[in-house]
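Here is a short report on one protein model. Look at the sequence and the structure first, then read on.

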Amino acid sequence: MSNTFDESTLASVEAKLAATDRLLETSYPGDTGARQPVHTVYVPGDKFTVGLPDAWGSNALAAAGNAAGLAKLAAKLNLAEPERLGDLVAAKLASEPIEDLRLDFEDGYGNRTDAEEDAAVLAAADSVSAAVAAGKAPACIGIRFKCFEAPTRARGIRTLDLFISRLVANGPLPEGLRLTLPKVTTVDQVQAMVFLAEKLEEAHGLEAGRIRFEVQVETPQVIIAADGTHPVAQLIHAGKGRVSSLHYGTYDYSASLGVAAGYQSMEHPVADFAKDVMQVAVAGTGVELSDGSTNIIPAGDPENIAAAWELHARLVSRHLARGIYQGWDMHENQLVTRYLATFAFFREGLQAAGTRLRNYVHQINSAIMDEPATARALARYIHRGVACGAVTADEVTELAQITLPELEAIALNRSHA
């Protein structure tokens, strides 16, 4: 009995699918394995000091009433393990209060004279370099410059140039350098940013591809263009590997669709639609995704603080449950509920995820038969929890009976020696 398909048949199929193979390999490489911060903190570009992260952490911890107060708040928010959460979050606020910091020279800075902004940018670069040298900088740090629309284009480009040039003059670029390109409307604007990044690398002798950037999604045109296409997906691939993340801009986007100010929110239907499109766009690309911010700040009288904390915790939990693992924080007191809600998310499913991963790795019979893709998802969930401090190495060893390197190998689909 002869086979219907011979070697020439297979060769024909290989030829037909060669382009698909190249597309999947180059455009959809999967998770990079890089640590994704759980948030991005925004401060005006001229307000950053070396001591700012520690001050934010101390002030947030004091506002919550230290570990005991954090535990009480966790209980009030109906979060599991309130005492444990209080201890873990208190430790986080003391050791790493800010994971990602953006010095804002766009909306948070405003329009000032060129001389004033030039001086502020150079001072900001010096402060960042000093913080890095002192070991006081967050893991990720950088600036948001003005957008590439005609009125602000030249100013934004000049700020970018001054900041990078000053950093290079001070020493190596920070490992966790983050640059944010706001109010992107077209793929052409991303291609312009790629051109500028290449010019900066050439001018300063930097490795090709060293300068990457985030794209802020704040306009409806980047979600659906006039021709019906989705530029937000196209720009990732037009970025030539330089687009590191997509960030949703809550208020500019909502306003551009005519949503009244009182209804603009991270959970408005227009926000969910935009983020759904963004989430599909980044899938498999290795590009990160971040939700936006809430302008309801936990400050002022105790009642307002309590209500704002409750809202923020709910919004953080909501985007985590939707598979968006990052958001924005605009005030030091938001660190309290950022970490309470985030740590609770990674701990609430820890027992089940650890047990299922143990059964999968050690081939233990159980009521659930997990496949490799599900095992990777379980491991990635735990891996994210470890990275931010919600889960300890001892808990991984006890529950899953594997080491952290083994956990990472499964999470990122890599072999472990």
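## Aromatic pairs

A search of the whole structure, which is a predicted model, finds 10 aromatic pairs. Rings of Phe, Tyr and Trp (its six-membered ring) pair if their centres lie within 6.5 Å; planes under 30 degrees apart are stacked, over 60 edge-to-face, and the rest tilted. One of the pairs joins Y42 and W328. Y42 lies in strand β1 (residues 39–44) and W328 in strand β8 (residues 327–329), so the pair ties together parts 286 residues apart in sequence. Helices (H or I, at least four residues) and strands (E, at least two) are DSSP runs, numbered from the N terminus. Both Y42 and W328 are buried. Buried means under 20% relative accessible area, exposed over 50%, and partly exposed in between (1.4 Å probe, protein chains only).

Y325, F345, F346 and Y381 form one aromatic cluster. Y325 also has a charge over its ring: the charged end of R384 sits there, 4.0 Å from the centre. The charged end of R112 sits over the ring of Y109, 3.8 Å from the centre. The rule asks for NZ of Lys or CZ of Arg within 6 Å of the ring centre and within 35 degrees of the ring normal.

## How the model is read

Residues are numbered from 1 along each chain as its sequence is written. In this predicted model, local features need pLDDT of at least 70 and side-chain atom pairs count only at pLDDT 80 or more, while totals for chains, interfaces and linings use all residues; side-chain values use heavy atoms, with hydrogens and water left out.

## Helix α5

Helix α5 covers residues 114–133, 20 residues in all. From first C-alpha to last it reaches 29 Å, close to the 28 Å expected at 1.5 Å a residue. The expected span is 1.5 Å times one less than the number of residues.

Which residues of α5 are buried? They are E117, D118, A120, V121, A124, A125, S127, V128, S129 and A131. What covers them includes β2 (100–104), β3 (140–144) and α6 (153–170). Just after α5, G135 takes a positive phi of about 70 degrees.

## Cavity and pocket

The count comes to one cavity of 30 Å³ or more. On a 1 Å grid over the protein atoms alone, a cavity is a set of points where a 1.4 Å probe fits but cannot get out. A pocket is an open set with protein on both sides within 12 Å along at least five of seven lines, and lining residues have an atom within 4 Å of a point. Grid points are joined across faces, edges and corners, and a volume is the space filled by probe spheres set on the points. The largest cavity holds about 30 Å³. Its lining is M266, E267, K275, D291, L315, R318 and H319. Helix α11 (residues 302–321) gives the largest share of that lining, three residues.

The largest pocket holds about 680 Å³. It is lined by 24 residues, and the closest to its centre are G30, D31, G284, R380 and R384. The elements that give two or more residues to the lining are α10 (269–282), β7 (288–290) and α14 (372–388). Helix α14 gives the most, with five residues.

## Positive phi and single residues

Most residues other than glycine have a negative phi. N66 is not a glycine, yet its phi is positive, about 60 degrees. N66 is found in helix α3 (residues 66–76) and is partly exposed at 44% relative accessibility. K183, also not a glycine, has a positive phi of about 50 degrees. K183 is found in the loop between β4 (177–181) and α7 (187–204). K183 is buried, with a relative accessible area of 14%.

D252 lies in helix α9 (residues 250–256) and is partly exposed, at 31%. Leaving aside neighbours within four places in sequence, D252 is in contact (heavy atoms within 4.5 Å) with D107, K183 and E218. D252 and T219 are 33 residues apart in sequence and 7.1 Å apart in space, C-alpha to C-alpha.

E207 is found in the loop between α7 and β5 (213–217). E207 is exposed, with a relative accessible area of 62%. E207 and T374 are 167 residues apart in sequence and 37 Å apart in space, C-alpha to C-alpha.
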